[in-house]
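Student: I am new to this structure and would like a close look at a single helix. Please go through one of them, and begin with whatever I need to know about the chain around it.

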Amino acid sequence: MSNPSEVLLDVNGLQKRYADGTLAVQEITLNVRAREFVSIVGPSGCGKTTLLKTICALLAPTKGTVKLHGTLITEPPPQMVLVFQDYARSLFPWLTVSGNVMFPLRKRKDISQADKEQASQRAIEAVGLTKFAKHFPWQLSGGMQQRVAIARAVAFRPEILLLDEPFASVDALTRADLEDLTLALRDEFGITMLLVTHDIDEAVYLSDRVFVLSTPPSTVLEEIPIPLAQPRDQVRTRSEAGFLQLRNHIHGLIGKKKDDGMKSFILDKVPSTLELESDPVS
Ligand SMILES: Nc1ncnc2c1ncn2[C@@H]1O[C@H](COP(=O)(O)OP(=O)(O)OP(=O)(O)O)[C@@H](O)[C@H]1O
Ligand SMILES: [Mg+2]
């Protein structure tokens, strides 16, 4: 198990330009320490998914590096698992809950069949779905399906879980449950969490540190430590003065940048408007 103060993931000067020329991520530098909960918040389309896919080497960076335990990552490492937002597309409808959770383990030669079954049962229990282990995904609610996706990731026993807006498709109450489940899994299994979200309150509630991204192409606007008491509690934590200050600060940051973006957009247009308006006078 990693030392909690150790930098587990080190992302340095990461840039991603797609083949069609779109610059999705301009330059991101961040790190995640062992067993830390780090969130990345940023406006829609700012390159969050691209960033996560590049971090876990599903995409190759155009510039910069990603290191895990100080070792350069060039292909998806087994210590990292990515959970997508869209559970409906990530689960296999022809496999049961248990079958889905076991699926990624099938190729792990380092784990015996008995241990795979035990790891999968344990993960299903941790997300509260033991009674539904033999159900198929289409027999479950959206929140339950997302629990299956999380159990599947946890059963793999990753060192770090990358979560791409994993709670975006469920209702508010289920979302709060899943948030708390994620915190509990971090504590129970010692998994480091890197979450991408556009929900500022969620990022503050869950995290030890938050990285705020700019409008696209993204850079880091600010790194914000979240010194709120642990364990977190949906009602108590969210009503603390510190919570409100932090979320207001981040809203201000993102809002200001949006305004700046809008101002420069308007200013770009101003000269031609003035020229048109001043024509009759001259
Ligand atoms: N395969 C691709 N080829 C070209 N451009 C892409 C590709 N995938 C994403 N993009 C572009 O990269 C930019 C960032 O997209 P990305 O999906 O990473 O943003 P995001 O922050 O995750 O958005 P959202 O908040 O909507 O999930 C967008 O302009 C998008 O159109
Ligand atoms: Mg996305």
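Tutor: In the protein chain, among contacts between residues at least 6 apart in sequence, 71% join residues at least 24 apart; two residues are in contact if their C-beta atoms, placed from the backbone, lie within 7 Å. This is a predicted model, in which local features need pLDDT of at least 70, side-chain atom pairs count only at pLDDT 80 or more, and totals for chains, interfaces and linings use all residues. Residues are numbered from 1 along each chain as its sequence is written, while chains are lettered from A and ligands numbered from 1 in the order in which they are written.

The protein chain has nine helices and 10 strands. Helices (H or I, at least four residues) and strands (E, at least two) are DSSP runs, numbered from the N terminus. Of the 282 residues in the chain, 35% are buried. A residue is buried if 20 or more other C-beta atoms lie within 10 Å of its own, exposed if 12 or fewer, and partly exposed in between, with C-beta atoms placed from the backbone.

The helix to look at is α6, residues 172-189. Its 18 residues reach 26 Å from the first C-alpha to the last, close to the 26 Å expected at 1.5 Å a residue; the expected span is 1.5 Å times one less than the number of residues.

The buried residues of α6 are E179, L181, T182 and L185. They lie on the same side of α6, because they cover an arc of only 160° around the axis. That arc is taken from the directions from the helix axis to the C-beta atoms. An α-helix has 3.6 residues a turn, so residues three or four places apart point the same way. On the other side of α6, the exposed residues are A172, L173, D187 and E188.

What do the buried residues of α6 pack against? Their partners are the helices α4 (113-126), α5 (142-155) and α7 (200-206), together with the strand β8 (192-197). After α6 comes G190, with a positive phi near 65°.

V97 counts as buried because it has 28 C-beta neighbours inside 10 Å. Leaving out residues up to four places away in sequence, V97 touches I124, L129, F132, A133, H135 and V148. V97 and I124 are 27 residues apart along the chain, and 8.2 Å separates their C-alpha atoms.
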